[in-house]
Amino acid sequence: GDIIPKIVNVVENSNNCMSIDFPEECPCCGTKLIRDGINMRCTNKKCKDQVILQITHFIKKLGCKHTSEATLKNFGIYSFEDLINFIPNKKYKSEVKLYDELNSKVFTKSKQDLLAATNFVGLSETLINKIVDFYGFENIENCNYIGLPDGVGEITLSKFKESILDNLNIVNMFINDSRYNYTEVNLSLPENKIKNSNGMSI
């Protein structure tokens, strides 16, 4: 729970000490792990465990509640292609619920919302949206270092660029599906104010 332990004292040369052997390979796909800050990371983009985590993060970020890693595995969903092509068995309410949520909460989101829900290693949704707002969604594939958004440095933008093509492919899978139905809401006030039953402008 992100609890920071308090160090009480340092014990040197304790007889109870034991060496720790850090893992060298991903337990799922066997790819050699790399050290990324305090984390050990698998670099295989097709690693099933990684992809399932990304899918779970993606759909939960967009408001789908009836899902988990175990649920996706039970439904045979191991890739974004599987998610797109998922057809529920109407005998099982959990499958129908997930399918309905995909239609109402994922296929109705804007391109930018879909992109912000994808996986950019080390970047928050706020940073992703800040970068997209700065360059514009249509130009985001070709973003470069000519000017940077406030609070975004070259290292951060480099991390963004490492994942942008893969994540745009995911976005395109959804917006090119026949179920995609995003309607932009116009929040601007009408030129002519609406009058109530008493004839007063509101």
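These notebook entries record what I looked up in a predicted model.

**Entry 1: ground rules.** I noted that residues are numbered from 1 along each chain as its sequence is written, and that side-chain values use heavy atoms, without hydrogens or water. Because the model is predicted, local features need pLDDT of at least 70 and side-chain atom pairs count only at pLDDT 80 or more, while totals for chains, interfaces and linings use all residues.

**Entry 2: the largest pocket.** I took a pocket as an open set of points on a 1 Å grid over the protein atoms alone, with protein on both sides within 12 Å along at least five of seven lines; lining residues have an atom within 4 Å of a point. The largest pocket holds about 1,000 Å³ of space, a volume being the space filled by probe spheres set on the points. I found 34 lining residues, with Lys45, Gln50, Gln54, Asn119 and Val121 nearest the centre. Strand E2 (39-42), helix H1 (48-61), helix H3 (80-84) and helix H7 (154-175) each give two or more residues to this lining. H7 gives the most, with 8 residues. Helices (H or I, at least four residues) and strands (E, at least two) are DSSP runs, numbered from the N terminus.

**Entry 3: salt bridges.** I recorded 6 salt bridges in the structure, each a side-chain nitrogen of Lys or Arg within 4 Å of a carboxyl oxygen of Asp or Glu.

Asp49 pairs with Lys73, their closest N and O atoms being 3.9 Å apart. Asp49 lies in helix H1 and Lys73 in helix H2 (residues 69-74), so the pair ties together parts 24 residues apart in sequence.

Glu125 forms a salt bridge with Lys61, at 3.4 Å between the closest N and O atoms. This pair links distant parts of the chain, with Glu125 in helix H6 (residues 125-135) and Lys61 in helix H1, 64 residues apart.

I also looked up Lys105 and Glu101, whose side chains meet in a salt bridge (3.5 Å, N to O). Both lie in helix H4 (residues 93-106), 4 residues apart, about one turn of the helix.

**Entry 4: buried or exposed?** I used these cut-offs: buried means under 20% relative accessible area, exposed over 50%, and partly exposed in between (1.4 Å probe, protein chains only). Glu101 is buried at 7%, whereas Lys105 is partly exposed at 26%. Asp49 is partly exposed at 36%, and Lys73 is partly exposed at 38%. Phe22, found in the segment before strand E1 (33-36), is exposed, with a relative accessible area of 53%.

Definitions and conventions:
On a 1 Å grid over the protein atoms alone, a cavity is a set of points where a 1.4 Å probe fits but cannot get out, and a pocket is an open set with protein on both sides within 12 Å along at least five of seven lines; lining residues have an atom within 4 Å of a point.
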